[in-house]
Amino acid sequence: MRKTFGDRVATDAGWPVERYAWAGCAVAVAGFAQVSDLVTHRVWGWAAAAGYTLAAFLASGAVPRPAARAAAVAGAVVAPLVGLVVTGLGQSEVAVIERSGRLLAATGSPYVTAPSAVGDFNPYLPGMALFGLLPGDPRWWLGGVFVASLGAAGLRSPGLLLACPLVALPLAVGGVDLPVAGLMCLGLALAGRGRPGGAGLALGAAAALK
């Protein structure tokens, strides 16, 4: 049977390589939490460190690998994202998207007419404002488009990717790059399947965001 990327994380000899990866992530993000001067990064770092530590512990035993990966996702994505959303904390792009959505609904344009401060500027293309029109925190929708796009592209092991610190951090604190990356991957996957129309739509949607 052909092995997926997730299956190859463990070596054929049976050594739990994955536990060392989770342990390394735990050490790295704990260090990141200590040196970062951003509250959102510190919250994410300590929550993620706990999740990765639990994942490393689970990967050291006889539990199935999906359980360890679920612990990593819970600690690195779910817990910090829920905590930050509930407390109203997020990187500046979250507020920019929310404001651009309100402006788009009220004026037809997502941009401040006469920006005078850094926070008044919207560096994104108009499509990004759509995430500010949707109910709830934009991070849910940004992450949802990312996951849905990769699922449609055929990703078989989403847990490993979502738990990766390079994905989990932006997913929890901001997330504006993730839908762009996800739609681009979907566009390439559709092009590889001989579906140019769908590929064009996916890549066009990505290009309209940022």
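Predicted model: local features only at pLDDT ≥ 70, side-chain atom pairs only at ≥ 80, totals over all residues.

**Entry 1: a histidine**

At 12% relative accessibility, His-41 falls under the 20% cut-off, so I put it down as buried. I found His-41 in helix α2, which covers residues 39-59.

Which side chains does the His-41 side chain meet in polar contacts? One is the side chain of Ser-36, at 3.4 Å. Another is the side chain of Gln-91, at 2.7 Å. Then I listed what His-41 is in contact with, skipping neighbours within four places in sequence: Phe-32, Ser-36, Gln-91, Leu-169 and Val-173.

**Entry 2: the nonpolar cores**

Next I looked up the largest nonpolar core, which has 33 residues. Trp-22, Trp-44 and Tyr-52 are the members that touch the most others. Two or more residues come from each of α1 (17-35), α2, α3, α6, α7 (158-163) and α8 (165-173).

I picked Tyr-52 and checked what it touches, leaving out residues up to four places away in sequence. Its list includes Trp-22, Cys-25, Ala-26, Val-29 and Trp-44, and also Ala-163, Cys-164 and Pro-165. Apart from this core lies another, of eleven residues, with Tyr-124, Met-128, Phe-131 and Ala-206 among them.

**Entry 3: salt bridges**

How many salt bridges does the structure hold? I got three.

Arg-69 pairs with Glu-18, with the closest N and O atoms 3.1 Å apart. This pair links distant parts of the chain, since Arg-69 is in helix α3 and Glu-18 is in helix α1, 51 residues apart. Both Arg-69 and Glu-18 are buried.

Arg-139 and Asp-137 meet in a salt bridge too, at 2.8 Å from N to O. I noted both Arg-139 and Asp-137 as buried.

For Lys-210 and Asp-177, the closest N and O atoms are 2.2 Å apart. Lys-210 counts as partly exposed because its relative accessibility is 43%. Asp-177 has a relative accessible area of 44%, so I marked it as partly exposed as well.

Val-78, Val-82, Val-86, Leu-134, Trp-140 and Trp-141 make a nonpolar surface patch of about 540 Å². The elements giving two or more residues to the patch are α3 (65-87) and α6 (138-153). The largest share, three residues, comes from α3.

I found Val-86 in helix α3.

Conventions: Residues numbered from 1 in each chain as written. Heavy atoms only, no water. Patch = residues over 30% accessible without salt bridge, like charges linked within 9 Å, V, L, I, M, F, W, Y side chains within 5 Å. Areas by Shrake-Rupley, 256 points an atom, 1.4 Å probe, with all protein chains shown as cover. Salt bridge = Lys/Arg side-chain N within 4 Å of Asp/Glu carboxyl O. Helix = DSSP H or I, 4+ residues; strand = E, 2+ residues; numbered from the N terminus. Buried < 20%, exposed > 50% of the residue type's maximum accessible area, 1.4 Å probe, protein only. Polar contact = N/O pair within 3.5 Å; in protein donor to acceptor, adjacent residues only side chain to side chain. Contact = heavy atoms within 4.5 Å. Core = buried A, V, L, I, M, F, W, Y, C linked by side-chain atoms within 4.5 Å.
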